[in-house]
Amino acid sequence: MSDRTATFGQNTNSFKINVKVANLTNRTTQVEIRNGKRFFGGKADLKSPPFNIEFVEFTEDGIRMDIPPRTCATGHKLELVIEFITPQKTIKFRSQGTVESVEAIPDRHDNIVASLNSYDANEWYFIQKLFRQRQSSVTDLFEKLKGDR
Amino acid sequence: MAQETASTASPDFTLTKDQLNKFNTFIGEKNILIADSNQSVRLSLSRVLSEMGVRSAQISLASKYHEAKDQLDAKAHEIVICDYHLDSRYGLELAPIHRNKRPNIEERLFVLVTGNSNESTVAEAAEEDVDAFILKPFSGASIRYFLVRAALAKAHPSSYRAELSKGRHLLDSGNLEEAVRVFNTAMTLDSAPSMACYYMGQGHEKLGQLTQGTESYRTGLSFNEIHYRCSIALFDSYTTQSKPKDAYGVMKTIASNFPMSPQRLSKAIELAVRTHNFEDIGLYHSIFTNLDERRDELRKCVCAALVVGAMYHFRRNNAPQAMQLLQAAAVTAAGSASMLREIVTLLVKFNLAESADTFLKRFDAADRAGADFLCSDLAVLDALPATRPADVIMRGRKLLADGIRDPIVHRIMIKREHEVGHEEEAERLMAEAISTWPDLSNSFQLSVTGQSPAPTK
């Protein structure tokens, strides 16, 4: 705690990292989800309700996300732009990917796993390290507060 | 593994085969409840557990708080993994239920997996004795690592922790003197046994030995001057012993070194008011504004403290600081009519009717037919220097005719009716007021005795 002293009167949230999947483009079908809106062939699909893609999990080779239903199928090629927003800076991560699995959650969304390829490996390593360090820092604070330290 | 800290741990959260085997031994046939509103998260967590060798029959899933509670009631799962938010409730509300169902500390785990990274949430989880705090988005590796870590800390504790655990069992079963002896032994097993001191203090307190309890916490703080549990316990101890100034001193140390859970913040504010540390109210307000979760009870507590703090500053002729706190109170009140009324009443009391008038505009349109607004409005009208008595009387009579019964209305009407020589009406209102609110009879009489009688018509 002493190296990140909370000043009296300020509960901080220095662990906060917002993750926003700003753009998911299905190169196979030309469907695009950009800032929650669906586009097809560059034109907005006004009938589709807005949907914020949720980044659920870091998998072995890529990521798991909740996306609008019927956006892609196994084997489809994706282009992704994911923003990782910390109090200090925003990292805009671009990658291509392949859909490895799709699980339909009835009446809700699809849950997909995409393996990543064609991306800046150093940037991806940095992002994963950021999340690991965040987890370690939270655990340090948590255990100090529990009195385990 | 039980000894290493997260910050010195393997940065990629890898586990050895031995650790995984020990985890599987710990899990055995235990049942696991996963509670999360997001189905993808429930499935991901199930998948990770299955990959670790847990059978699907051991895993229950719940998407809502009530589902989770019902399942916990029915099956008494040894392990609960849940999110901070569960539909409209909080996952941590399951923690005391879980402890009740599974009083044996060694066999249970409560793990929070949440996207809420606010430090006050971490403090809340620590105070609820949660075993691990895992952030979303997670990786399978982080889930595995922290689950195994939490499990092995229970299954293979150090000799110090084993002694602490033994002592806790004795505390829980009411064998208090033996518990204190065990914690005394535990103190010899670690170079900085603040936790043993904390539990020893708990034992002394349960034995009614408050002074020894306080001493134990202070001893714990001598090993680690910012040991959270000892600090909180010392604060609670001083509070129980009606030593608010000492308690407040400890609270300020806690606030300076640790994030505050909402419950702790509420206690700090109440104590600041009780000990007249009004200068600190603004700081507690800033802690409140940084919380992700601002529950209604806490909001009311903060608002009330800001108003009391403003009163303090008015009395010290520090109107600018008072007005700042009132502005903060009005924003924090988020349109609460009763709180806005408190603010207006205070300003009228300190002869700041014009300022009070600006706060009337903050009432929601929907509240303008309600008693809080109408009484506040009358109070401001009565206080404004250019107001004619007849205007106040006309407004007040309308409120009374509409059935508004409020001490403010009666007080103002008694004063004004007396002022213009309507003695019979003033006396009738006085009798009605004293009968309805006998505790306030002095203030009603002051409305009249504080005025010179009006000349007779």
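This is a predicted model: local features need pLDDT of at least 70, side-chain atom pairs count only at pLDDT 80 or more; totals for chains, interfaces and linings use all residues.
Of the 149 residues in chain A, 51% count as buried. Contacts that reach across the sequence are well represented too: among contacts in chain A with a separation of 6 or more, 54% link residues 24 or more positions apart.

The strands of chain A go into an open sheet, and here chain B joins in. The sheet has 10 strands in the order E4(A)-E3(A)-E2(A)-E1(A)-E7(A)-E8(A)-E9(A)-E6(A)-E5(A)-E8(B), and its pairing is mixed. At the edges stand strand E4 (43-44) of chain A and E8 of chain B; each has a single partner strand, so one side of each is left without a neighbour in the sheet. As for what holds such neighbours together, strands of a sheet pair through backbone hydrogen bonds, in either a parallel or an antiparallel fashion. One pair inside this sheet shows the antiparallel kind: strand E6 (residues 62-67) and strand E9 (residues 109-119), both of chain A, are joined by six bridges. Within that pair, Ile63(A) sits opposite Ala114(A) of E9(A).

Chain B has a sheet of its own. This one is open as well, with five strands in the order E2-E1-E3-E6-E7 and parallel pairing. Strand E2 (59-62) and strand E7 (132-135) of chain B are the edge strands, each pairing on one side only. From one strand to the next, the twist averages 15 degrees. Zooming in on one end, strand E6 (residues 109-114) of chain B runs parallel to E7(B) and is joined to it by four bridges; there, Thr114(B) has Leu135(B) of E7(B) as its bridge partner. A helix packs on this sheet too: helix H6 (residues 140-155) of chain B touches strand E3 (79-82), E6 and E7 of chain B, and its direction makes about 155 degrees with that of E6(B).

The largest cavity has a volume of about 60 Å³, and it is lined by Ala95(B), His98(B), Arg99(B), Arg108(B), Phe110(B), Glu128(B), Asp129(B), Val130(B) and Asp131(B). Helix H4 (residues 94-101) of chain B supplies the largest share of that lining, three residues. By class, the cavity lining has five charged, three nonpolar and one polar residue.

Ser216(B) counts as buried because its relative accessibility is 7%, and the cut-off for buried is under 20%. Leaving aside residues up to four places away in sequence, Ser216(B) touches Cys197(B), Met200(B), Gly201(B) and His204(B).

Most residues other than glycine have a negative phi, and most peptide bonds are trans. In chain B, the peptide bond from Lys136(B) to Pro137(B) is cis, with omega near -10 degrees; Pro137(B) is found in the loop between E7 and strand E8 (138-139). His276(B) has a positive phi, near 60 degrees, and belongs to the loop between H13 and helix H14 (281-289) of chain B. With 56% relative accessibility, His276(B) counts as exposed. Asn317(B) also has a positive phi, near 55 degrees, and lies in the loop between helix H15 (296-315) and helix H16 (319-333) of chain B. Asn317(B) is exposed, its relative accessible area being 71%.

Definitions and conventions
Residues are numbered from 1 along each chain as its sequence is written. Chains are lettered from A and ligands numbered from 1 in the order in which they are written. Side-chain values use heavy atoms; hydrogens and water are left out. Buried means under 20% relative accessible area, exposed over 50%, partly exposed in between (1.4 Å probe, protein chains only). Contact means heavy atoms within 4.5 Å. Two strands pair if DSSP finds at least two bridges between them. Helices (H or I, at least four residues) and strands (E, at least two) are DSSP runs, numbered from the N terminus. Axes are lines fitted to C-alpha atoms, for helices over the stretch in contact, and angles run from 0 to 180 degrees between N-to-C directions. On a 1 Å grid over the protein atoms alone, a cavity is a set of points where a 1.4 Å probe fits but cannot get out, and a pocket is an open set with protein on both sides within 12 Å along at least five of seven lines; lining residues have an atom within 4 Å of a point. Grid points are joined across faces, edges and corners, and a volume is the space filled by probe spheres set on the points. Ala, Val, Leu, Ile, Met, Phe, Trp, Tyr, Cys and Pro count as nonpolar, Asp, Glu, Lys and Arg as charged, and the others, Gly among them, as polar.
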